[in-house]
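Here is a short tour to read with the model open beside you. Let's look at some loops, helices and charged pairs.

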Amino acid sequence: MGDNGTGKSTLVKLIMSEETPDAGYLSLGPAVRKAYLPQIVQFAVDERTMVDTMLYDCRVEPQQARDRLAAFGFRGEDVFKPVGALSGGEKSRLKLCELMGGDINLLILDEPTNHLDIASREWMEDALSDYEQTLLFVSHDRWFIEKFAERIWALEDGELTDFRGGWREYTAWKERQAVFQQAAPKPVKKEKEKKPHVPNSEKLITKTEREIARLEEKLAALEREAEQYASDYQKLMELESQKDACNDELLALYEKWEELNS
């Protein structure tokens, strides 16, 4: 996810081998079998019916074609409509029917719910709920993200944040980051006349600053450890839990530091 122009579509094109990187490289595992659903769906021959399109594109038997179309809500005489006469949502649904019937384990969707009518959107969500392989999608649709995302790649200012969690966890994490930035200790300018402190307040401030520094070091160490275990999902989840606890402690210490310096 990310604002327009941050590079989401470019990243998808790189993964689909439609573009080459300006630097570095991108490689897919030998067992990866990818498929792509674009925003605007087109078919080779608009005059072909839906069932004929399935026969030509998927190389299936007529009954298999009818069964797969029925699973995506195309039944009865509807299957004899030419694909050129379908709405944008129906075309997306038909293309998804083709893709999900193939031998794929990486399904890539680009803004899958854009311009879809309610019925087509519901059919798409139902179909994706049954998909058990890897799903990678670009979206601004918060409901869709919340429903399907288990890991978020956020693009901003040329940087990619890899957040392991869903939409709610991600927004909560972003809110914490904003609080940390606001509450982070700033250099205290020495004044000619210092405000009087209660006894031992200076010691408490120093102690709090040391605790903050210790936790910041711990958080940085956890970040480095997470990089080492990038392919170990279980370990990463444990580290994320530790990082969350560390962030909560830091937030409390920042608030304490502000109170002591007020």
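Is Ser 17 buried or exposed? Ser 17 counts as exposed, because its relative accessibility is 56%; the cut-offs are over 50% for exposed, under 20% for buried and in between for partly exposed, with a 1.4 Å probe and protein chains only.

## Ground rules

This is a predicted model, where local features need pLDDT of at least 70 and side-chain atom pairs count only at pLDDT 80 or more, while totals for chains, interfaces and linings use all residues. Numbering runs from 1 along each chain as its sequence is written, and side-chain values use heavy atoms, with hydrogens and water left out.

Helices (H or I, at least four residues) and strands (E, at least two) are DSSP runs, numbered from the N terminus.

## Loops with something to show

Back to Ser 17: this residue sits in the loop between helix 1 and strand 1. Its phi is positive, about 65°, although Ser 17 is not a glycine. Arg 59 is another non-glycine residue with a positive phi, near 55°. Look for Arg 59 in the loop between helix 2 and helix 3. Arg 59 is exposed, because its relative accessible area is 69%.

Leu 26 is in the loop between helix 1 (8–15) and strand 1 (34–37). With a relative accessible area of 39%, Leu 26 is partly exposed. Together with Leu 28 and Val 32, Leu 26 makes a nonpolar surface patch of about 210 Å² accessible area. Patches take residues with over 30% relative accessible area and no salt bridge, joining like charges within 9 Å and nonpolar side chains (Val, Leu, Ile, Met, Phe, Trp, Tyr) within 5 Å. The areas come from the Shrake-Rupley method with a 1.4 Å probe, and for residues only the protein chains shown count as cover.

## Helix 2 against helix 3

How do you describe two packed helices? You give the angle between their axes and the distance between the axes. For helix 2 (residues 50–58) and helix 3 (residues 62–71), the angle is about 115° and the axes are 9 Å apart. Axes here are lines fitted to C-alpha atoms, for helices over the stretch in contact, and angles run from 0 to 180 degrees between N-to-C directions.

Which residues of helix 2 take part? Met 50, Val 51, Met 54, Leu 55 and Cys 58 meet Pro 62, Ala 65, Arg 66, Arg 68 and Leu 69 of helix 3. A contact means heavy atoms within 4.5 Å.

## Charged pairs

How many salt bridges does the structure hold? There are twelve, each a side-chain nitrogen of Lys or Arg within 4 Å of a carboxyl oxygen of Asp or Glu. Arg 121 and Glu 125 form one of them, at 3.2 Å from N to O. Both lie in helix 5 (residues 118–129), four residues apart, or about one turn of the helix. Arg 121 is partly exposed at 24% relative accessible area, whereas Glu 125 is buried at 7%.

Glu 125 also pairs with Lys 147, at 3.5 Å from N to O. That pair links distant parts of the chain, with Lys 147 in helix 6 (residues 142–148) and Glu 125 in helix 5, 22 residues apart.

## A buried lysine

Lys 243 belongs to helix 9 (residues 233–261). Why does Lys 243 count as buried? Because its relative accessible area is 9%. Beyond its neighbours within four places in sequence, Lys 243 is in contact with Leu 219, Leu 222 and Glu 223.
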